[in-house]
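Subject: Structure handover and notes

Hello,

Please find the structure below. My notes come after it.

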Amino acid sequence: MNVSHASVHPVEDAPTTEGGNAPRVRMKDLQGMPGTPVGLALRVSQFVFAAAALVVMASTSDFPSVTAFCYLVAAAGLQCVWSLSLAIVDMYALLVRRSLQNHRVVSFFTVGDGMTSTLTFAAACASAGITVLIDNDLGSCAHNHCAQFETATAMAFITWFTSLPSFLLNFWSLASR
């Protein structure tokens, strides 16, 4: 049986029962949570799709003229930085066989995932609205980069679909304490 400590600890720590205090039982690491292989895969996929959205949108010459597209670039850039940094933390935890089930760490991951996934979803929705406006309502897709706008918006939605499980698993872990 593993016990919880105030800091990141090795997974194979034996419980200590000294001092008369009963050890707290540590919850099992669910796949998809920080420090697990599926969690690392989610972080890498978040980074890849956010980077794709960022690159595709930034490759168009007229994206700065629309505020929603600028917002998508900013949100995708933030998601790239967040996902890459947490992927590095996950890789480190897997390499040294450490568990990341610390209340402060999980709280930090939960707040960050919640903020970045909300920003990414809002940016994707705003960009989708503008793309529909340009294509269907104005009918000026021939004069714009509609295919690139649609691709970047789709990549932003896929980024949100991969960041939502990370947020929900972290939030569930935090709420179950």
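First, the ground rules. This is a predicted model, so local features need pLDDT of at least 70 and side-chain atom pairs count only at pLDDT 80 or more, while totals for chains, interfaces and linings use all residues. Residues are numbered from 1 along each chain as its sequence is written, and side-chain values use heavy atoms, with hydrogens and water left out.

Helix packing

Helices (H or I, at least four residues) and strands (E, at least two) are DSSP runs, numbered from the N terminus. Two packed helices are described by the angle between their axes and the distance between the axes. Axes here are lines fitted to C-alpha atoms, for helices over the stretch in contact, and angles run from 0 to 180 degrees between N-to-C directions.

Start with helix 2 (residues 67-95) and helix 3 (residues 103-137). Their axes come within 9 Å and cross at roughly 150°. Helix 2 and helix 3 are therefore roughly antiparallel. The cut-offs: under 35 degrees is roughly parallel, over 145 roughly antiparallel, 65 to 115 roughly perpendicular, and the rest oblique. The crossing of helix 2 and helix 3 is left-handed (the near helix is turned anticlockwise from the far one by less than a right angle; clockwise would be right-handed). The contact of helix 2 with helix 3 has 18 nonpolar, seven polar and one charged residues. Ala, Val, Leu, Ile, Met, Phe, Trp, Tyr, Cys and Pro count as nonpolar, Asp, Glu, Lys and Arg as charged, and the others, Gly among them, as polar.

Now helix 1 and helix 4. Their axes come within 8 Å and cross at roughly 155°. Helix 1 and helix 4 are therefore roughly antiparallel to each other. Helix 1 passes helix 4 in a left-handed crossing. The contact of helix 1 with helix 4 divides into 13 nonpolar, nine polar and one charged residues.

Aromatic rings

The structure holds seven aromatic pairs. Rings of Phe, Tyr and Trp (its six-membered ring) pair if their centres lie within 6.5 Å; planes under 30 degrees apart are stacked, over 60 edge-to-face, the rest tilted.

Phe121 is in helix 3 and Trp160 in helix 4 (residues 146-175), 39 residues apart, so the pair links distant parts of the chain. Phe121 is partly exposed at 33% relative accessible area, whereas Trp160 is buried at 17%. Buried means under 20%, exposed over 50%, partly exposed in between (1.4 Å probe, protein chains only).

Phe167 and Phe171 have ring centres 5.8 Å apart and planes at 25°, so this pair is stacked. Both lie in helix 4, four residues apart, about one turn of the helix. Phe167 is partly exposed at 21%, and Phe171 is partly exposed at 47%.

Phe121, Phe157, Trp160 and Phe161 form one aromatic cluster. Separately, the charged end of Arg43 sits over the ring of Phe109, 5.9 Å from its centre (NZ of Lys or CZ of Arg must be within 6 Å of the ring centre and within 35 degrees of the ring normal).

Two buried residues

Thr36 is found in the loop between strand 1 (9-10) and helix 1 (37-58). Thr36 is buried at 3%. Its C-alpha atom is 6.8 Å from that of Leu94, 58 residues away along the chain.

Asn170 lies in helix 4 and is buried at 0%. Asn170 and Gln101 are 69 residues apart in sequence and 9.6 Å apart in space, C-alpha to C-alpha.

Best wishes
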